[in-house]
Amino acid sequence: MAKFLLRSVLQLCPTIIVVSMITFAVLHFAPGDPLASMILSNPEATLEDVERLRAAYGLDQPVYVQYVKWFARVLQGDLGYSRTFGLPVAKLMGQRIINTLKLTITAYTLSIVLGIPIGIYSALRQYKWSDYVITTAAFIGISMPAFWSGILMILLFAVKLRWLPPGGISDTGLQTSFLGGLKYLIMPALVLGWIDTTVWVRYTRSAMLEELRQDYMRTARAKGLKETVVILRHALRNALVPVVTLLGIRLPFLFSGAVVTETIFSWPGAGRLMYEAILNNDFAVAMATVLVFTALVIMGNLASDLCYGIVDPRVRRD
Amino acid sequence: MRNRILVVVSLVAALSLVLPACTAPTPEAIKETVEVVQEVEVTRVVAGTPVVEVVTATPEPAPEGGLGPRGDNTLIVGMAQEPDRLCGAFLQISAAAEVVEGPLMRRMIERDSEGNWTPVLVEEIPTVENGLWKINDDGSMEITWNFKEGLKWSDGEEITANDVVFTYNLSKDENVPFPYLTEEKKATTLTAPDPYTLVATYDEYDPFAWWGLFHIVAEHNIRPIYEEYKEKGGNYGEAFVNDERVSQFCVQNGPFVVAERVPGDHIILEPNPNFNLGPPPQLDRIIFKTIPDVTTLAANVAALAVDATTETGLDFNSAMAIKNTEALEDKVEVLMGGKAGLEHLVMSLGWETLADKQVRKAIMHAIDRQGIVDSLFDGALTVAQSWLPPEHYGYYAGYDQYDYNPSRAMELLEEAGWTPGPDGVRVNDKGERLSLIVMTTTGNTVREQIEEILQAQLAEVGIELIIENYPARIMFSEYVPNNLPHGFNYWGYWFYATMILAEFDCGPGKWYGYCSEDMHEVLTDLRNATDQETRKRFFIEAQKIMGEDVPIIPLYYSTRIATIRKGFSGWELVPYRTGGLGWNAEYWHWTE
């Protein structure tokens with residue numbers, strides 16, 4: 001296990017470096033000048049102003065030189081400055097990452113806690129009306145875009161019913177209690193987690209149906225075991241194996257979904273920060289957020305591999 | 001095995017319960033506020049005349065239960081765009097900054113509600129008549145500013161001319177990425193012979209130099225930080241402007257100070273205890289919440305989660321939806337303020353097709369501008385007949401000769417050599433199609449709708465219009481100004497008088513190809529005019545030329561839109577006022 005962990009961590013480094021190179025190149029070669037919007041806000045800005053600012057920000061140097069300088073600074077723990085906010089990137093990102101993790105972990109947990117039991121139930125009620133209701137709901141759910149369902153939820157729960165706040169992360173300027181923080185989290189977590197819930201429902205249902213047809217299930221029943229034990233201890237255990245492998249694969253979708261959800265619900269997270277940084281050509285922030293997300297996804301896949309080992313002793317690593 | 005699964009599930013469940021309890025840390029904030037009762041000399045402009053009055057600032061005692069809908073005497077403002085920096089001298093872009101900057105910083109001179117300049121930090125506006133603005137025979141100038149004594153920064157230190165000189169010298173440091181050097185760099189020298197006198201000299205005549213050197217920092221606050229970074233060497237400029245003591249929490253002189261900023265979420269302002277440019281502010285706090293999605297912002301207004309929105313908040317359609325919601329009629333007021341900007345099409349005059357004035361005039365007749373305003377805005381906005389607003393003293397309706405007349409448009413096109421082709425699109429004798437591109441920034445739904453209307457209207461007279469929109473960062477770097485589409489760029493701007501000199505005169509500003517000798521002569525005379533009457537004459541002349549040359553297609557005057565909860569006083573949209581909505585923040589208060 002220790003060797004596996006060490007190997008995985010060591011693989012993280014070259015992956016991050018390659019991703020950083022590709023991201024840097026894409027950001028710099030993509031159309032759009034980082035100084036364009038700044039300059040065009042002042043109609044009397046001259047070419048001299050443009051060149052002065054370009055030199056001040058180091059944008060007049062070749063891309064590879066800019067990359068090497070950026071990388072050298074990162075190795076020293078300096079992520080640079082946000083041109084948009086006038087703050088060090090590390091300071092800007094710290095709380096944003098926590099906010100995104102808060103949202104994505106809650107959404108992820110909700111989706112698993114809801115999706116897997118519903119999937120099991122649906123499999124056990126195959127071809128019954130409850131199964132049809134669940135599969136139809138899952139189909140509708142997976143088809144609903146987050147920006148649409150998010151706005152609908154805001155209109156219903158915040159505007160019409162006034163049960164929940166329409167966005168944000170806290171009672172601004174006041175110390176927010178545990179329950180107070182929770183009310184801001186409910187809608188965005190549900191919207192973000194809903195698609196994954198429907199994914200877990202469908203995958204769990206399929207996997208369970210596969211296992212329920214196996215010979216060993218007949219053997220287990222023939223042994224006189226209670227049905228609950230047969231389902232949970234035998235069928236579910238084996239059905240979870242393919243489902244667990246999906247845990248890591250779904251993570252990138254969760255982080256990318258966070259961008260839309262965070263924007264709709266004004267949730268100050270890293271997903272929204274990354275999106276705005278790319279739009280505003282705020283290279284330092286864009287690079288830092290992409291790398292953090294890369295690291296999170298890799299670590300998520302690692303966690304998924306470890307869970308796989310827990311669930312299936314045959315693949316457990318020593 | 002079961003135990004292991006239980007352990008894993010328990011850990012995950014515990015994490016999901018614990019994390020929601022984590023709240024954003026509260027940065028160190030300026031929390032101390034002191035109730036001040038004082039007499040203050042305030043200059044207001046009444047019917048264009050500065051009037052000095054003494055105001056005794058004693059806030060009314062709050063009613064029982066507190067002021068405002070939450071009883072906390074706080075105003076919560078929703079904005080779709082967030083300012084980058086909160087210290088005016090260092091901010092780079094963002095129209096959002098104006099409404100936040102208003103409560104934080106007052107400039108040397110500012111525009112009042114009628115658009116007249118009024119002195120704020122200085123005793124009077126320099127003019128030729130009062131001798132403070134000297135113009136020499138060779139065009140060089142000297143402008144003297146006399147600062148009022150006793151005005152204070154938020155930390156209690158006095159505002160003096162030395163602060164302006166320091167800012168000017170700071171802007172000369174090439175290591176410091178100062179985005180806006182225009183006003184500062186125009187001055188050849190800037191000196192302070194004494195703390196209350198500022199003397200600026202200019203090598204060349206500039207009629208707008210007296211508008212003032214806008215960006216001032218407190219020398220005692222910024223110099224130590226600047227020297228601290230300069231001593232470190234290297235790329236100290238970038239580190240310096242991005243130090244939050246400089247970019248966010250610098251000392252300023254407005255009625256409020258920044259107490260807290262969480263980027264991407266909110267900005268909290270609290271009263272400045274040393275504010276003496278007006279009466280003490282009456283609100284305990286102003287909270288600016290960033291809500292980037294316009295639909296969500298509208299929902300926040302409807303849910304009464306925010307008390308107000310700024311000019312960079314709701315779009316026209318969202319504002320009208322709020323206005324027409326019966327349940328909000330007695331709770332929320334929608335404000336629309338004046339003709340604040342011009343929505344227009346800039347034509348690529350360097351391209352042969354549009355270089356022909358006849359074609360441009362035909363296009364003017366082919367577009368039903370009144371129809372656009374009536375159908376999209378219920379007639380609430382005004383068709384633009386010039387690039388200046390009707391309220392401007394120099395306004396002349398140079399474009400009102402162009403009524404919607406498709407027959408006349410077709411006549412003009414025929415005369416210009418464009419005849420209908422087999423598919424209905426006109427062609428010239430070379431077989432070239434009369435096909436134009438219109439380009440604007442993506443995400444502006446109103447402009448996108450108007451582009452489709454233009455496409456249909458121009459098709460009726462045989463002009464093909466292709467719509468090509470791009471994100472701003474691509475449009476302004478790849479196409480504007482060096483690779484203009486064969487057609488139009490569609491955009492708008494807030495009124496900015498000196499823009500006429502940049503956009504319509506020959507020289508670097510003529511990036512879209514307009515250069516007229518007649519216009520150049522008139523604008524030169526305008527530039528050299530020293531009194532308003534003379535300037536008015538040349539403004540009118542320039543608009544007559546524009547009406548004849550048609551270098552741009554003015555569509556309509558845009559309006560500033562904001563909302564405010566009923567029961568609040570002072571939230572006023574005044575298009576020409578420096579500081580946008582925040583111009584009178586010290587007077588904001590709840591009335592119930």
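Student: What should I know about the numbering and about the model before I start?
Tutor: Residues are numbered from 1 along each chain as its sequence is written, and chains are lettered from A, with ligands numbered from 1, in the order in which they are written. This is a predicted model, where local features need pLDDT of at least 70 and side-chain atom pairs count only at pLDDT 80 or more, while totals for chains, interfaces and linings use all residues.

Student: How many helices and strands are there in chain A?
Tutor: Helices (H or I, at least four residues) and strands (E, at least two) are DSSP runs, numbered from the N terminus. Chain A has twelve helices and two strands, and along the sequence they follow the pattern α-α-α-α-β-β-α-α-α-α-α-α-α-α. Taken along the principal axes, the C-alpha atoms of chain A fill a box of roughly 85 × 55 × 35 Å. Chain B, for its part, has 18 helices and 23 strands.

Student: What share of each chain counts as buried?
Tutor: A residue is buried if 20 or more other C-beta atoms lie within 10 Å of its own, exposed if 12 or fewer, and partly exposed in between, with C-beta atoms placed from the backbone. By that rule, 39% of the 318 residues of chain A are buried, and for chain B the figure is 46% of 592 residues.

Student: And how do I read contacts along the sequence?
Tutor: Two residues are in contact if their C-beta atoms, placed from the backbone, lie within 7 Å. Among contacts with a separation of 6 or more, residues 24 or more positions apart account for 71% in chain A and for 67% in chain B.

Student: Which domains is chain A divided into, and how far apart are their centres?
Tutor: Domain bounds come from an automatic or database domain assignment. Here that gives domain 1 (2-88) and domain 2 (95-311), whose C-alpha centres lie 32 Å apart. Their contact takes 18 residues from domain 1 and 16 residues from domain 2. On the domain 1 side, the elements giving two or more residues are α1 (2-29) and β1 (81-82) of chain A, and α1(A) supplies the largest share, nine residues.

Student: How is a pair of packed helices described?
Tutor: By the angle between their axes and the distance between the axes. Axes are lines fitted to C-alpha atoms, for helices over the stretch in contact, and angles run from 0 to 180 degrees between N-to-C directions. In chain A, helix α5 (residues 89-124) and helix α10 (residues 227-264) pack at an angle of about 145°, with axes 10 Å apart. Among the residues making this contact are A:Leu103 and A:Ala107 of α5(A), and A:Leu254 and A:Phe255 of α10(A). Ala, Val, Leu, Ile, Met, Phe, Trp, Tyr, Cys and Pro count as nonpolar, Asp, Glu, Lys and Arg as charged, and the others, Gly among them, as polar. Sorted that way, the contact of α5(A) with α10(A) has ten nonpolar, two polar and no charged residues.

Student: What about helix α11(A): why is it described as largely enclosed?
Tutor: Eight of its ten residues are buried, so α11(A) is largely enclosed by the rest of the structure. The buried ones include A:Arg272, A:Leu273 and A:Glu276. Just after α11(A), A:Asn281 takes a positive phi of about 55°.

Student: Which residues of helix α9 in chain B are buried?
Tutor: In α9(B) (residues 316-323), they are B:Ser318, B:Ala319 and B:Ile322. They cover an arc of only 100° around the axis, which puts them on the same side of α9(B); the arc is that of the directions from the helix axis to the C-beta atoms.

Student: Where is B:Arg106 found, and what does it touch?
Tutor: B:Arg106 sits in the loop between α2 (96-104) and β4 (109-111) of chain B and is buried, with 26 other C-beta atoms within 10 Å. Not counting residues up to four places away in sequence, B:Arg106 touches B:Val120, B:Leu121, B:Asn253, B:Gly254 and B:Leu277.
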